[in-house]
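Visitor: I am new to this structure and would like to be walked through it slowly. Could we look at it together, one question at a time?

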Amino acid sequence: MSDTNQIDLKWERRFETGHDRIDFEHRIFLDIIVSIKEEILAGRDKARILRLLAELLAYSHFHFVSEGNIMLDCGYPGYKGHADHHQHLNEAFHDHMRMFEMGDKAANDILDFLVEWFVNHTVHEDAKIAQYVRKHPRR
Ligand SMILES: [Fe+2]
């Protein structure tokens, strides 16, 4: 089992960006990842895990549009780079899912990808949006 699978997946203070809407959506995002982890650890069938992954993929599409609107509303200067990053993440997630479905990727590898995505993108990138919104409220 990999390192990320040892992590107790719970909401932590360091995940908070300080932007209510972003934090609310991130909590749901993490909640779906926790469900996926539980299903994997319980050894549930692949179809069930794939259904949850599809839920997370759909949610991430929504969440990225939502975050995009927040960035545009406050004139966030890093919008383009952040939006590109979102697109890259969604494409990578989709690829991981396809490989898992085809049997070319282990469930634990997908979990590693999701946890890393959540922790790194949230802590390092989304926090910058929240910081900017605080200084430059909606136009
Ligand atoms: Fe983001």
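**How the helices meet**

Visitor: Which residues of helix 4 meet helix 3?

Guide: In this model, which is a predicted one, helix 3 brings Leu-50, Leu-53, Leu-57, Ser-60, His-61, Phe-64, Gly-68, Met-71 and Leu-72 to the meeting with helix 4. On the side of helix 4, the residues are Tyr-79, His-82, Ala-83, His-86, Asn-90, Phe-93, His-94, Met-97 and Glu-101.

Visitor: Are helix 3 and helix 4 roughly parallel or roughly antiparallel to each other?

Guide: The axes of helix 3 and helix 4 lie 11 Å apart, and the angle at which the two helices pack is about 175 degrees. Angles over 145 degrees count as roughly antiparallel. Helix 3 and helix 4 are therefore roughly antiparallel.

Visitor: At what angle do helix 3 and helix 5 pack?

Guide: The contact involves Ile-49, Glu-67, Ile-70 and Met-71 of helix 3, together with Ala-107, Asp-126, Ile-129 and Val-133 of helix 5. Helix 3 passes helix 5 in a left-handed crossing. The axes of these two helices are 13 Å apart, and the packing angle is about 15 degrees.

**The chain as a whole**

Visitor: How many helices and strands does the protein chain have?

Guide: Following the sequence, the pattern of the protein chain reads α-α-α-α-α. The secondary structure therefore comes to zero strands and five helices.

Visitor: What is the radius of gyration of the protein chain?

Guide: Along its principal axes, the C-alpha trace of the protein chain spans about 50 × 25 × 20 Å. For 139 residues, a compact globule would have a radius of gyration near 14 Å, and the value for the protein chain agrees with this, being 16 Å.

Visitor: What share of the contacts with a separation of 6 or more joins residues 24 or more positions apart?

Guide: The contacts considered here are those in the protein chain with a separation of 6 or more. Among these contacts, the share from residues 24 or more positions apart is 74%.

Visitor: Does Ala-92 count as buried or exposed?

Guide: Ala-92 is found in helix 4, which covers residues 79-102. The C-alpha atom of Ala-92 is separated by 23 Å from that of Asp-45, 47 residues apart along the chain. Because Ala-92 has 12 C-beta neighbours inside 10 Å, and a residue with 12 or fewer is put in this class, Ala-92 counts as exposed.

Visitor: Is Asp-104 buried or exposed?

Guide: Asp-104 is found in the loop between helix 4 and helix 5. Its C-alpha atom is separated by 19 Å from that of Lys-37, and the two residues are 67 residues apart along the chain. With 10 other C-beta atoms within 10 Å, Asp-104 is exposed.

Conventions. Residues are numbered from 1 along each chain as its sequence is written. This is a predicted model: local features need pLDDT of at least 70, side-chain atom pairs count only at pLDDT 80 or more; totals for chains, interfaces and linings use all residues. Helices (H or I, at least four residues) and strands (E, at least two) are DSSP runs, numbered from the N terminus. A residue is buried if 20 or more other C-beta atoms lie within 10 Å of its own, exposed if 12 or fewer, and partly exposed in between; C-beta atoms are placed from the backbone. The radius of gyration is taken over C-alpha atoms; the globule rule is 2.2 Å times the number of residues to the power 0.38. Two residues are in contact if their C-beta atoms, placed from the backbone, lie within 7 Å. Axes are lines fitted to C-alpha atoms, for helices over the stretch in contact, and angles run from 0 to 180 degrees between N-to-C directions. A crossing is left-handed if the near helix is turned anticlockwise from the far one by less than a right angle, and right-handed if clockwise. Angles under 35 degrees count as roughly parallel, over 145 as roughly antiparallel, 65 to 115 as roughly perpendicular and the rest as oblique.
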